[in-house]
Amino acid sequence: TMKLRLPADPLVFGFWKVPKQICADVCYKAISAGYRRLDCACDYANEEEVGEGIAKAIADGLCKREDLFVTSKLWNTYHKPEHVPLAVEKTLKDLQLSYLDEYLIHFPISMEFVPFESKYPPEWTNMDGKMVLVNNDMCATWKALEEQVDKKLVKTIGVCNFSTQLIRQILSTCRIPPSTLQVELHPHNSQQNLIRFAHEAGMKVTAFSTFGASSYLELDMATKDDVLMENPVITKIAASKKKSPAQVLIRWALQRNTFPLTKTSNEGRMKENRDVLDFELDEAEMKEIDGLNKNRRYNDPGVFCEPGMGTFCPIYE
């Protein structure tokens, strides 16, 4: 049998694109469905609502704070060392927490500071509606994150959407090594070398967009033909296992020793997405799914920043 080098419950629930008005309820239902790993970010514009859901779940005895593993992320406008503590403080206040289990640099993109009182979350543009990139030493940002660990406001620190070179630079200069790499991972973008590199550096790897194109259709960042849930390889394996295509995609992620991040507002699907520990993909099935890779990224600032914000900003070759 496939040995998972993962904790007993590696499943992560994400809050990207969960609308504010239902977010507290979605958070509560996710905890109620069994999720203990919650993936948040300043940029998702719903941390206050996630905080309400967590507070209610704790008050109702669904879980204790220490049962939860809460992640948040440092936005692009707060990379200067003096802004890092302000960003952490704001996130903790919104989430009604005294500490974060994990705090990640959201993108390797440093942008002009936007004051908290002017616009929060700042998203991709300043007060003049421009996306302005600034020079920044990411290792200085990292040092400021390490100080948040020293202050016990954050337990572990890591990175999202980083390449091997930038991770190497941080590993070469850091005092506290990155615990986690969170990146877009699915059968169309399997990034085997990056995962191996992160694992060999002692990092855990969280896979976002586990289902591939599905999240991006409504944003016009993918087309119907990209949808993995309808891919014949996936549907064939799903039928043979009496599982859904979604469950097969989550299981593939698990068997690569990555933490699969999924999001849904539907309680039935919350439970379905957790029902993935009672079956296994064999080596041939894993290889068949691996064979779908085409290095196709759906979340790529090099593609969406220029048409959306007028600034060319590639972060991948």
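Start by selecting Asp94: you'll find this residue in helix α3 (residues 84–95). Helices here are DSSP runs of H or I with at least four residues, strands are E runs of at least two, and both are numbered from the N terminus. What you have open is a predicted model, so local features need pLDDT of at least 70 and side-chain atom pairs count only at pLDDT 80 or more, while totals for chains, interfaces and linings use all residues. Residues are numbered from 1 along each chain as its sequence is written, and side-chain values use heavy atoms, with hydrogens and water left out.

Is Asp94 buried or exposed? Buried, at 8% relative accessibility. The cut-offs are under 20% relative accessible area for buried, over 50% for exposed, and partly exposed in between (1.4 Å probe, protein chains only). Now show the contacts of Asp94, meaning heavy atoms within 4.5 Å. Leaving aside residues up to four places away in sequence, Asp94 touches Glu47, Glu48, Gly51 and Tyr120.

**Next stop: salt bridges**

Look for a side-chain nitrogen of Lys or Arg within 4 Å of a carboxyl oxygen of Asp or Glu. Searching the whole structure this way turns up 19 salt bridges.

Pick Asp9 and Arg274, whose side chains pair up at 3.1 Å, N to O. Asp9 is partly exposed, with a relative accessible area of 22%, while Arg274 counts as buried at 19%.

Then jump to Glu218 and Lys17, which form a salt bridge at 3.0 Å, N to O. Another link between distant parts of the chain: Glu218 is in the loop between β7 (204–208) and α7 (232–241), Lys17 is in the loop between β1 and α1 (20–33), and they are 201 residues apart. Glu218 counts as exposed, at 62% relative accessibility; Lys17 is partly exposed, at 24%.

Now try Asp101 with Arg65, where the closest N and O atoms are 2.9 Å apart in a salt bridge. Asp101 belongs to strand β4 (residues 100–105), and Arg65 to the loop between α2 (47–59) and β3 (69–74), 36 residues away. Both Asp101 and Arg65 are buried. Before moving on, select Asp25, Lys29 and Glu267, which salt bridges with shared partners join into one network.

**Into the core**

A nonpolar core is a set of buried Ala, Val, Leu, Ile, Met, Phe, Trp, Tyr and Cys residues joined through side-chain atoms within 4.5 Å. How many residues does the largest one have? It has 97, and those with the most contacts inside it are Phe15, Ile54, Tyr103, Trp124, Val159, Leu181 and Ile289. α1 gives the most to this core, with 7 residues.

Zoom in on Trp124. Beyond residues up to four places away in sequence, its contacts include Trp75, Phe107, Met131, Phe304 and Met309.

**Zoom out**

Finally, colour by secondary structure: the protein chain has 11 helices and 8 strands. The C-alpha trace spans about 55 × 50 × 35 Å along its principal axes. Of the 317 residues, 55% count as buried. Among contacts with a separation of 6 or more, 74% come from residues 24 or more positions apart.
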